[in-house]
Amino acid sequence: MSLCISYDSTFDGFLSVVFEVYRQRLDVGDIRPDRDAAGASVDIFQQPFRIETDQESARRLKRAVINAAGEDVLQTLNAAFRSEEAGIEMKIFAYLQRLFSGVDKNFARNPASNEMLPLFQIARAVRREAGGMLGLVRFSKTSDGTYFSEIEPKYDVLDLMVGHFRGRFAGERWAIYDSKRKYGVYYDGHSASEVFIPNLEAVTAETPPDTITQLWKDYYNAISIKERENPRLLRRCLPVHYWKHLPERQSVRQVV
């Protein structure tokens with residue numbers, strides 16, 4: 001009987017699964033993250049099997065991918081994984097199976113292969129959103145002087161954004177929180193760490209509209225030309241699901 005393997009939804013957790021599949025020679029029917037456990041249908045022909053994250057196993061598999069295909073391919077797999085698309089684990093697993101099979105020496109870096117092409121396309125969409133989100137982060141100052149921003153991106157792109165803000169605000173304390181996935185990154189002026197906020201409302205209550213928020217509203221109102229408003233073009237360039245955390249969009253009548 002094939003196995004339906006569950007793991008903790010992290011990239012290292014997924015790599016730990018692949019490592020154990022090869023080490024134990026497991027028969028894989030499906031790989032499912034914990035985040036999908038509640039709404040996932042059960043296949044009575046697959047046996048549930050749990051694999052915990054092991055950092056050493058994940059590191060070893062990363063080295064194997066880099067040696068076989070290169071660092072850029074590993075980053076592409078990581079970006080594709082962050083799409084959280086249903087079945088993305090099995091798509092990446094299929095690529096890794098072909099990669100490690102050694103059947104085709106030119107397969108590793110062939111973006112047009114049946115296994116890599118969909119991953120490449122998904123990764124491109126994830127990276128596009130990560131780049132776009134850099135301009136959509138709006139900070140407010142908390143009572144202790146920390147700059148705080150809440151985001152809800154379509155994909156899990158927060159970790160892909162951290163390097164940018166570490167460079168731009170190296171000497172400041174800031175936090176960006178993904179309220180959709182319920183985790184964030186806090187930077188203390190020296191290093192970044194992952195954080196979880198059990199009571200997000202308490203934090204947002206301490207960050208009322210401040211001068212930074214008002215600056216965004218004033219800037220938007222100053223450059224806006226009422227006669228040239230094009231709601232359809234606006235929604236295409238800036239999808240509505242991003243508006244919730246943009247103070248400049250909250251200062252005008254939103255046509256949806």
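Buried area is the accessible area, taken with a 1.4 Å probe, that two parts lose on being put together, summed over both. The model is predicted, so that local features need pLDDT of at least 70 and side-chain atom pairs count only at pLDDT 80 or more, while totals for chains, interfaces and linings use all residues. Residues are numbered from 1 along each chain as its sequence is written, and side-chain values use heavy atoms, with hydrogens and water left out.

The protein's domain assignment, whose bounds are automatic or taken from a database, gives the following ranges.

| Domain | Residues |
|---|---|
| domain 1 | 3-127 |
| domain 2 | 137-207 |
| domain 3 | 209-256 |

Between domain 2 and domain 3 about 870 Å² is buried, 50% of it on carbon and sulfur atoms. Of the area that domain 2 buries against domain 3, 59% is supplied by Arg138, Glu150 and Glu152, more than by any other three residues. Contact (heavy atoms within 4.5 Å) joins twelve residues of domain 2 to twelve residues of domain 3.

One salt bridge is counted between these two domains, the term standing for a side-chain nitrogen of Lys or Arg within 4 Å of a carboxyl oxygen of Asp or Glu. Glu152 and Lys244 meet through their side chains in a salt bridge, at 3.1 Å from N to O.

On the side of domain 2 that touches domain 3, the elements giving two or more residues are β4 (140-141) and β5 (147-151), strands being DSSP runs of E with at least two residues, numbered from the N terminus. The largest share of that side, three residues, comes from β5.

Notes. Helix = DSSP H or I, 4+ residues; strand = E, 2+ residues; numbered from the N terminus.
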